[in-house]
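Here is a short briefing for a first look at a protein model. Keep the sequence and the 3D view open while you read.

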Amino acid sequence: MQSFYLLTAALFAFSSLFFPFWYFATETPLLLMDFRPLADAGVIHVFSLYVSSVVSPLTGLLSITAIFFYKNRSLQSTLIVVLILLFLIDLLSGLTAAHFMNQQLGRSFGSGIEHSPGVGFFVLLPEPLFFWLAMKGVKKDEKIVNAYKRL
């Protein structure tokens, strides 16, 4: 079952690349997406967005890689913990980029800017649930194997 959960989490991580993370309503709508920084928003915005752009596919690739370590459950568990940390880095870097873009747009257009999370933000949110379910499956397999060793 953990293979299904890891594959689903990988699909969410990869799909977050194709949807906007945050929407900004100015004279023309602006979208905060991976690999599309607004250079005027500052170095922290650009750096945060590139971190998010690298971490999302890395999370997907490591999720798929973890599937193939089903015989080495300790390594698979370690990879799942790393994946949870990568999710947190991805989410925080995206929120940081959105914050600094909001500050820049506030300086440029005034305080009348409306902004809201996009589909890319909501696609990321179920990832830790699937990582937790995968970890639970790995621990259940480990318990079954240890029970057979005692026999």
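**First look: a salt bridge and its surroundings**

Glu-142 is partly exposed, at 28% relative accessible area (buried means under 20%, exposed over 50%, partly exposed in between, with a 1.4 Å probe and protein chains only). Its side chain meets that of Arg-73 in a salt bridge, 2.8 Å from N to O. This is a predicted model: local features need pLDDT of at least 70, side-chain atom pairs count only at pLDDT 80 or more, and totals for chains, interfaces and linings use all residues. Residues are numbered from 1 along each chain as its sequence is written, and side-chain values use heavy atoms, with hydrogens and water left out.

**Salt bridge**

- A search of the whole structure finds one salt bridge (a side-chain nitrogen of Lys or Arg within 4 Å of a carboxyl oxygen of Asp or Glu).
- The pair links distant parts of the chain: Arg-73 sits in helix α3 and Glu-142 in helix α5, 69 residues apart. Helices (H or I, at least four residues) and strands (E, at least two) are DSSP runs, numbered from the N terminus.
- Arg-73 counts as buried because its relative accessibility is 17%.

**Nonpolar core**

- The largest nonpolar core has 27 residues (a set of buried Ala, Val, Leu, Ile, Met, Phe, Trp, Tyr and Cys residues joined through side-chain atoms within 4.5 Å).
- Those with the most contacts inside this core are Leu-6, Phe-21, Trp-22, Phe-24, Leu-32, Ile-80 and Phe-131.
- At least two core residues come from each of α1 (2-15), β1 (22-25), α2 (43-67), α3 (73-109), α4 (119-124) and α5 (127-150).
- Helix α3 gives the most, with nine residues.
- Beyond its neighbours within four places in sequence, Leu-32 is in contact with residues including Pro-20, Phe-21, Trp-22, Phe-24 and Met-101 (contact means heavy atoms within 4.5 Å).

- Ser-63 is found in helix α2. Ser-63 counts as buried because its relative accessibility is 0%.
- Leaving out residues up to four places away in sequence, Ser-63 touches Leu-6, Ala-9, Ala-10, Leu-83 and Phe-131.
- Ser-93 lies in helix α3. Ser-93 is buried too, with a relative accessible area of 8%.
- With residues up to four places away in sequence not counted, Ser-93 touches Ser-48, Val-51 and Ser-52.

**Aromatic rings**

- The count comes to seven aromatic pairs. Rings of Phe, Tyr and Trp (its six-membered ring) pair if their centres lie within 6.5 Å; planes under 30 degrees apart count as stacked, over 60 as edge-to-face and the rest as tilted.
- Phe-21 and Trp-22 make a tilted pair, 6.1 Å centre to centre with 35° between the planes. Both residues are buried.
- Phe-121 and Phe-122 make an edge-to-face pair, 5.2 Å centre to centre with 75° between the planes. Phe-121 is buried at 14%, whereas Phe-122 is partly exposed at 48%.
- Phe-4, Tyr-5, Phe-12 and Phe-130 form one aromatic cluster.

**Cavity**

- There is one cavity of 30 Å³ or more. On a 1 Å grid over the protein atoms alone, a cavity is a set of points where a 1.4 Å probe fits but cannot get out; lining residues have an atom within 4 Å of a point.
- The largest cavity holds about 50 Å³ of space. Grid points are joined across faces, edges and corners, and the volume is the space filled by probe spheres set on the points.
- Among its lining residues are Ser-16, Phe-19, Phe-21, Ser-52, Asp-90 and Leu-124.
- Helices α2 and α4 each supply at least two residues of this lining.

How values were computed
On a 1 Å grid over the protein atoms alone, a cavity is a set of points where a 1.4 Å probe fits but cannot get out, and a pocket is an open set with protein on both sides within 12 Å along at least five of seven lines; lining residues have an atom within 4 Å of a point.
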